[in-house]
Amino acid sequence: MWINSDKVVLTATNLNLETNKLDFSELKYLKDDFDLKEDKIVKKGSLLICLSSGAKSHLGKVALVDEDYGYFFGGFIGRITPNEDLRKS
């Protein structure tokens, strides 16, 4: 286990169905040398949505990202980031 790693990946478990907020009680850590793409970074003001999962209860779960945490999101999660014009409306 790489608890001291800076590379945290959020999964469907981190999307709270009832509050639509991120839940950080169970984080997944990767080795620091694991190559993650910049387009997988969680961004403030975005929505994360579970697109696929082994459990039906996770499908469609959505959470609003309220801060730039520097975390990444996993392969079964999608991100919707409104452009600046939409956020000002």
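So, S46: at 0% relative accessibility it counts as buried, because buried means under 20% relative accessible area, with exposed over 50% and partly exposed in between, using a 1.4 Å probe and protein chains only. Quick caveat: this is a predicted model, where local features need pLDDT of at least 70, side-chain atom pairs count only at pLDDT 80 or more, and totals for chains, interfaces and linings use all residues. Residues are numbered from 1 along each chain as its sequence is written, and side-chain values use heavy atoms, leaving out hydrogens and water.

Where does S46 lie? In the loop between β2 (28-30) and β3 (47-50). Strands here are DSSP E runs of at least two residues, numbered from the N terminus. Leaving out residues up to four places away in sequence, S46 touches A63, L64, V65, R79, I80, T81 and P82; a contact means heavy atoms within 4.5 Å.

Next, the largest nonpolar core. It has 13 residues, and L48 is one of those with the most contacts inside it. Such a core is a set of buried Ala, Val, Leu, Ile, Met, Phe, Trp, Tyr and Cys residues joined through side-chain atoms within 4.5 Å. β1 (7-10) and β3 are the elements giving it two or more residues. Beyond four places in sequence, the residues L48 touches include L10, L22, V42 and I77.

Now β1. K7 and V9 point one way, V8 and L10 the other, and all are buried. β1 runs antiparallel to β2, joined by three bridges, and V8 has Y29 as its bridge partner there. With β5 (residues 72-73), β1 pairs in the parallel sense over two bridges; pairing takes at least two bridges found by DSSP. On that side, V9 partners F72.

Conventions
Helices (H or I, at least four residues) and strands (E, at least two) are DSSP runs, numbered from the N terminus.
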